[in-house]
Amino acid sequence: NGSRAWRMESADSDYDVRFVFIRPLQDYIQLQELPEVLNYFFDKGGQPCTRSPYLDLSGFDIFKFLTLLSSSNPTTIEWLTTDIVYHGKQPKLLQHFALKNFDPRALFYHYQSLCKANYSKYISSNTDVTHKRYLYTLRGLINAKWVKAKNSVPPISLLETLQKIGTEIPTPLLQLCKEIIAIKKQGKEKEKIDRMIIIDEYVERFLEEQAPPAHNQPPRDVLGKFLQKMIINQKNLK
């Protein structure tokens, strides 16, 4: 997950490691609620830390993960479609569900909100105008455009998305996005820069769009059966 999965990492990028865990059956049939999310942070020496981690580990309990996936949560879809896997395998059934049974409207609104949040909070407010903020704004915009135009899950790699999205994004904007990715890879993404009018105007027009793609309700029973199998049989995710 994160910049490495999106092929936008720089030399000092951390490692965002994401995982799904299953507790013993008895843990699910007790009154005490256990955490649904586990977070661990380590420095380059492997020591626990609280700031600027080199290893950022975050895991979801399988109940939380499948509940989010059933609502086409893009985070869970990206976990299942990334080609960078450190341990284990992504379940084929869940991968198929993520790619074939997603709700285009949910994905569109998520990526649109990412675009809006980064643009409004950092760029239009002149709070933190950097290449990184523009890149995250553009990633939300481009992925939303992809979902609406192609009715499919965007590639995990932003560079691949840029190469395949075609005329949905103007060529000058595509080229500018590629240049910003190159700057990020050089580790210069946090340097303060002037506003980029060509991007600002395009983003503002995009955020005024009020026509999301059609809604699709994913079949939750598929995930329910998978959950029962994993909990009752206590098998590993494979």
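These questions and answers walk through a few local features of a predicted model. Local features need pLDDT of at least 70, side-chain atom pairs count only at pLDDT 80 or more, and totals for chains, interfaces and linings use all residues. Residues are numbered from 1 along each chain as its sequence is written, and side-chain values use heavy atoms, with hydrogens and water left out.

Trainee: Is Asn118 buried or exposed?

Mentor: Asn118 lies in helix H4, residues 104–123. Helices are DSSP runs (H or I) of at least four residues, strands (E) of at least two, numbered from the N terminus. Buried means under 20% relative accessible area, exposed over 50%, partly exposed in between (1.4 Å probe, protein chains only). At a relative accessible area of 11%, Asn118 is buried.

Trainee: How many residues of H5 are buried?

Mentor: Helix H5 spans residues 131–150. H5 is mostly covered. Of its 20 residues, the number buried is 15.

Trainee: What kind of aromatic pair do Tyr15 and Tyr54 form?

Mentor: Rings of Phe, Tyr and Trp (its six-membered ring) pair if their centres lie within 6.5 Å; planes under 30 degrees apart count as stacked, over 60 as edge-to-face and the rest as tilted. Tyr15 and Tyr54 sit 5.4 Å centre to centre, with 70° between the planes. So the pair is edge-to-face.

Trainee: Which ring has the charged end of Arg4 over it?

Mentor: A charge sits over a ring if NZ of Lys or CZ of Arg is within 6 Å of the ring centre and within 35 degrees of the ring normal. The charged end of Arg4 is 3.7 Å from the centre of its ring. That ring belongs to Tyr15.

Conventions:
The expected span of a helix is 1.5 Å times one less than its number of residues.
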